[in-house]
Structures are given as structure tokens and as C-alpha cells.
Amino acid sequence: MRKCKFYFAGVCVCLSLLAGCGRITTQVDSVNLEANEPQLIEIVDLTDAWDTILNNSTSQFIGGHPIDESFLSMVTSQYGDDVIEEIAAYANFETPEIWYQLTGKSIHVLWYEYCQMTGIQSYIYDKTYVIDKKTDGDIVLDFTGDVSFAEGIATTSFMDQQINGINDCFSPELLQEMQSADILMINNEFAYTNRGTALEGKAYTFRADPGRVSLMEQLGTDIVGIANNHVYDYGETGFLDTLDTLNNAAMPYAGAGVNIDEAGKPVYFIVGGRKIAIVAATQIERTLNYTKEATADSPGVMKCLHPELFCNTIAQANANADYVIVFVHWGTEGNANYGADQVALAKSFVEAGADAIIGGHTHCLQTVEYMDEVPIYYSLGNYWFSTTGNMPASYDTGLAQLRITKEGKIESYFIPCRFNAGVTSMLKSDDTSYSSIINSLNSMSLSAIMDETGHISKK
């Protein structure tokens, strides 16, 4: 007799396959199922299993996908009759987690593979990237604040003087963290272009030689956010050069495009059997209009000052992925306190389906809060960034880290770092700056607490 143990909403369930009769029975370890007590289904054979799934499954259980006999045939051929029969025993549950627990892949990943195999519904796997890294344990996602490779600024000049270039601009421990993350996302706060004209009247404009895009790969970057207020610094020409540069380098980007359809398109990553969506938008500028918003027939960024359109993007991502990460440019520069406008936007993002929100733009750290069960990093500030030819004074920074556990839960962390004289370094736990950053963020948070390891939980 073979047993399989997994969890639904904290209830441990054990399924037993009785040898010789091919019938699935169930044994529930806990009787405290409250109002959600399942109606357990007895499965006689494979045909019964298929019929049960097709006739009884809720939309949520099958990820909203139009599964049919062909899809079930694929799953059966890859994982065996026993697995599909065990899945069928819980086809009336709303949670789809059993697909992952028994196959190692979520229903969204299974559907993606089915679409690729059959060639149908190609839109499902548009802008979808499969991460081939071996993932033991948690899936790790790291996010940075502002990074710039712009010409003529202090950090770029410093990098160009180093023997190992960009590798000498981060401590070895931090570089290892960035390169080893399953997904690393960086805020690309500049344009890649040698053309165009700096926007008239704008105080700071940043552009880098397109050849510098290779630096992103050296850092281990998997995706860049370009929904910010500097990607359009050299007008439409420089903006389109930026898109071309990233596309030619096969570097995924979120939050901008040649039109609003592309700018609002989620980027999906498949890693560790899960499908993760990343969407990006900018609230900035709130009163000016240097950075153009994408329209049906013109290029630009996705804006969210009025969030209705962006919330549709979040909802679309939520319908096609296991997790939705919102990467947003918002807030007031130089203000370590998040504003009511950020809170209002965060509320709309959470209601639309965000599972985590990563913010930037303020050039300084803002704290972490929880809204329901959703972690909100209000701003990561500068990560490796300067604005002039003069090296900026030292500043606190860090990585936002999300870990998706085997059980499907998102665990939130913050990795304290410090920028000094052109180098961003990961701080050690016994460093006074390490505890100072954590204590400062804790003192500003109303709903979250960060422990000495950087783990964040609700108060």
C-alpha cells in the first residue's frame, strides 16, 4: 500500500492506494475541518478519475484553464495512473495545491507545458522564461533598488577604473547572493542609448552606452524593471534604443513597451515547479510629464498614478500564475516615511491579486509593512547609484528577498547592505550598521517586525 501525505489549509491528509483493487480511499489526520469539510470522492479506476476531474473541478482547482482529456492524458503519461487518481479524489477542493504536491509542478506550469507540447494558446507562454537552475528547498527571489550604469557619473567612472570592473563594485558575499538567486530583479534607472537629446528642463538625465547591458548578466540579473522616471530621459529615440538593447541582449524587462499592450504585459518565470508573474509600473511623475505613458499606438511606460489599468494587468497575471510580484516606482524622493498615496495604491494592488509589492524611487530606504498577508517593501532606495561626477556619501541599502517554500508560502526577508566609496557590501550580522538598519526599519513599521536574521513577519 502506497501513502502520500500533503497539506490543505493546515490540515494534514494521507491518501492510501489499496493494492489489488485500484481504489483511492482517504484518511484525514485531523477532524477539525470546520465549515470546509471536504466531500471525499472514491475513485474506482482511471476512467473514473478523468470523469471526476472534468465534471467536478472548480475553476480555481484547475487554475481557470480549459483542461480536457488531452491534458489529463499528458499528466497521466508523465506521472502515472496512481497520481491522477489521487488528484481526482480531491477534485472538488478549491485549492489547486495538490497538483504541485503530487507532480512537483503547479497546475499553471502543467498547463504551460501542455500548451507548448500541443502548440495551442500561444499567448499563455508569451514572455515566459523557464529558469533551469536546480532549486533545492525554497525558491529565492532577490530585488534591488536603483542601479545606474550611466556615463559621466561617479559610480560608473569608479567601475571603469577597477581591474575586475563591475565585480569590484560589490562585496564577494553580495555578488554571490545576487548570482545565486533563482530570480534577481534590478531597477534599471537609466536609458541605453548613444542617440537622442536630453529632455529639456529635466534636472537629471541618465544614459549608458548600449554595450553596458552585458553588466546586468554579469551581476546575475534575470529581469530589469524599466517603469521609472529615467528610462525616457533621452526621448522616444533613447527609449526605443533601450528596448532594442534589452531585447538584443535577451534581457527580460517589465513595465514599458512599444505600446500599452506590451508595457502592461506580465513577465512570467517558471522555476521549481511554480509560475511567478512580475509586473511593473510607475507612479512618477505625479505632476510633470517628462516620462511618457504608453498608449495604444505610442511607446512608453506603464503608469499607475490612476491604477485601474495597472490593476487589470495584476489581475491578468493572477489568473495565469501562482504568485504575482508588483514592482512599483512611487513615493517622494528623500522621504524615509511612506505616504498615504503609496498606501492607497498598495491597497488597490493587493485587491487586484498582488502577493508581494517591491517599491523604489525615493533614493532612501522605507520600511516594510503587511497588508493582509502581503509584504510591502515601500522603497529599497539606491542600491548602486550616483547622480553626478562626485561620489555620493555612504548610504544604507539592501536586498528585498522573497522565499517561496515547498509548501507554497512566501517568506519575506531583508538583507542589509551599505554603499561606500563606489562599493555596495553585504553587512555581517555583528556589524553595528547591520543592527542599525534593522532597528531603524522596525521603528518605522506598524505591522511588521524584522528579526536579527532579516526575516520579516507580521506583528
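This is a predicted model: local features need pLDDT of at least 70, side-chain atom pairs count only at pLDDT 80 or more; totals for chains, interfaces and linings use all residues.
**Exercise 1.** Find how helix α2 (residues 69–79) is oriented relative to helix α5 (residues 107–118).

*Solution.* Start with the axes: those of α2 and α5 come within 10 Å and cross at roughly 105 degrees. Next, recall that angles of 65 to 115 degrees count as roughly perpendicular. Therefore α2 is roughly perpendicular to α5. Now look at who makes the contact: α2 brings Ser70, Phe71, Met74, Gln78 and Tyr79, while α5 brings Ile107, Leu110, Trp111, Glu113, Tyr114 and Met117.

**Exercise 2.** Explore the largest nonpolar core and identify the residues that touch the most other members.

*Solution.* This core has 41 residues, and those touching the most other members are Phe149, Ile166, Phe170 and Trp384. Then see which elements supply two or more residues: among them are α6 (154–160), α9 (235–248) and β20 (395–404). Zoom in on Phe149: leaving aside residues up to four places away in sequence, its contacts include Ile166, Phe190, Tyr192, Leu215 and Trp384. Finally, Phe149 also belongs to an aromatic cluster with Phe170, Phe190, Tyr192, Tyr383 and Trp384.

**Exercise 3.** Classify the ring pair formed by Phe206 and Phe385.

*Solution.* Take the distance first: the ring centres are 5.7 Å apart. The planes stand at 80 degrees, so the pair is edge-to-face. Now place the partners: Phe206 sits in the loop between β7 (191–192) and β8 (207–208), and Phe385 in the loop between β19 and β20. The pair links distant parts of the chain, 179 residues apart. To finish, check burial: Phe206 and Phe385 are both buried.

Technical notes:
Residues are numbered from 1 along each chain as its sequence is written. Side-chain values use heavy atoms; hydrogens and water are left out. Axes are lines fitted to C-alpha atoms, for helices over the stretch in contact, and angles run from 0 to 180 degrees between N-to-C directions. Helices (H or I, at least four residues) and strands (E, at least two) are DSSP runs, numbered from the N terminus. Angles under 35 degrees count as roughly parallel, over 145 as roughly antiparallel, 65 to 115 as roughly perpendicular and the rest as oblique. Contact means heavy atoms within 4.5 Å. A nonpolar core is a set of buried Ala, Val, Leu, Ile, Met, Phe, Trp, Tyr and Cys residues joined through side-chain atoms within 4.5 Å. Buried means under 20% relative accessible area, exposed over 50%, partly exposed in between (1.4 Å probe, protein chains only). Rings of Phe, Tyr and Trp (its six-membered ring) pair if their centres lie within 6.5 Å; planes under 30 degrees apart count as stacked, over 60 as edge-to-face and the rest as tilted.
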